[in-house]
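Please read this briefing alongside the sequence and the structure shown here. It begins with charged pairs and then turns to the fold, the helices and the surface.

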Amino acid sequence: MEPATRGADVLKPLPHTPSTPVAHMTRPRTAAMEAVEDIAYGSIAGVVGKYIEYPFDTVKVRLQSQPDHLPLRYRGPLDCFAQSIRADGFLGLYRGISAPLVGAALENSSLFFWERLGRAAIYASGYTPRDQPLALSALWMTGAFSGAMTSFILTPVELVKCKIQVPETKGGVVRAPLRPIPVIKDIWRHQGLRGFWHGQLGTFLRESGGGAAWFGSKETVTKLFRQWNERSAAEAGSSSRPAAANDDDPLPLWQQAVAGASAGMSYNFLFFPADTIKSRMQTTPIWEGPAQHRTFAAEARALWHQAGIKGFYRGCGITVLRSVPSSAFIFMVYDGLKKHLPMQ
């Protein structure tokens with residue numbers, strides 16, 4: 001990630017006189033342009049990551065949302081994959097991806113946008129001088145702030161996604177696959193505006209804690225790689241190599257991928273129980289009104305009585321596995337676009 005102070009830098013052009021023609025003028029970078037980059041490039045990175053991870057996400061949600069009053073339908077991720085492909089074909093795993101694509105664009109652009117604002121706020125508070133990089137502890141804090149703000153955007157999108165991924169059963173009959181617009185209309189008709197934020201507490205816990213882990217792990221691993229590169233360069237007799245001295249220079253591609261993958265694994269593993277409870281809350285039938293919905297605590301108790309601690313981590317393995325390529329590509333695409341296609 002590039003330093004937050006970059007948005008405050010203004011490059012002054014050389015004075016123009018008739019005897020000294022100006023060959024080149026550099027436009028200043030503004031906070032507004034930084035925000036546009038965050039939104040545009042974060043959206044592109046999010047869409048790329050969503051196409052990679054969506055089949056695994058469908059399996060995860062189906063594993064998480066198995067009813068507590070019935071025998072388990074799936075024995076594990078592989079069995080869920082097999083049953084899903086037999087029933088709907090491989091493309092069935094991409095059922096309802098249109099809403100999640102919009103959600104991924106919103107989520108990632110929002111995460112990068114609010115994380116940059118969090119960095120700027122820390123500099124503005126005087127906690128860290130503007131000419132110094134933020135400490136890792138501060139970067140974990142900006143990640144938590146970013147996730148908390150993003151959760152309010154993400155809950156309605158994930159609610160629609162979960163309704164589509166897990167077919168509803170009414171009177172023992174599985175309803176036909178749902179589509180985003182009818183789902184949105186049904187939620188509004190049965191539950192009103194408030195219904196779109198059903199499961200908000202679970203999303204808030206997952207995103208605030210997960211955001212801290214996502215950005216914090218990425219920056220921690222990046223710092224470790226930079227230190228390792230500096231030591232390697234020094235041992236090779238080239239300690240003045242620019243890549244080791246300048247934190248703005250990109251890491252080698254494989255190191256960027258490892259840093260991004262570590263971010264995804266940390267995000268998905270550490271707060272997975274909150275995500276499980278949220279998924280169960282968001283896959284309740286649409287026709288049930290708010291009065292019939294379980295609270296976050298009630299859903300957690302029901303799951304504990306059904307399956308114990310293992311129930312909270314149902315689908316965790318496949319979720320962590322899918323996050324490795326997804327998060328690696330998200331950060332590589334975002335950082336690559338910011339570096340090679342700056343909006344200046």
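Both K338 and D38 are buried, where buried means under 20% relative accessible area, exposed over 50% and partly exposed in between (1.4 Å probe, protein chains only). This is a predicted model, in which local features need pLDDT of at least 70 and side-chain atom pairs count only at pLDDT 80 or more, while totals for chains, interfaces and linings use all residues. Residues are numbered from 1 along each chain as its sequence is written, and side-chain values use heavy atoms, with hydrogens and water left out.

**Salt bridges**

- The side chains of K338 and D38 form a salt bridge at 3.4 Å, N to O, the term standing for a side-chain nitrogen of Lys or Arg within 4 Å of a carboxyl oxygen of Asp or Glu.
- This pair links distant parts of the chain, with K338 in helix 12 and D38 in helix 1 (residues 31-64), 300 residues apart; helices (H or I, at least four residues) and strands (E, at least two) are DSSP runs numbered from the N terminus.
- D57 and R322 meet through their side chains in a salt bridge of 2.9 Å, N to O, and this pair joins helix 1, which holds D57, to helix 12, which holds R322, across 265 residues.
- Both D57 and R322 are buried.
- R189 forms a salt bridge with D186, with the closest N and O atoms 2.3 Å apart.
- R189 counts as exposed because its relative accessibility is 57%, whereas D186, at 14%, counts as buried.
- Salt bridges that share partners join a network whose members include K50, E53, D57, K60 and R322, and the structure holds 22 salt bridges.

**Overall fold**

- The protein has twelve helices and two strands, and buried residues make up 51% of its 344 residues.

**Helices 10 and 12**

- Helix 12 (residues 316-340) has 25 residues and should span 36 Å at 1.5 Å a residue, which agrees with the 35 Å between its end C-alpha atoms; the expected span is 1.5 Å times one less than the number of residues.
- The buried residues of helix 10 are F296, A298, E299, A300, A302 and L303, and what covers them includes helix 6, helix 9 (272-282) and helix 11 (309-312), contact meaning heavy atoms within 4.5 Å.
- Just after helix 10, G308 takes a positive phi of about 70 degrees.

**Surface**

- L201 lies in helix 6 and counts as partly exposed because its relative accessibility is 46%.
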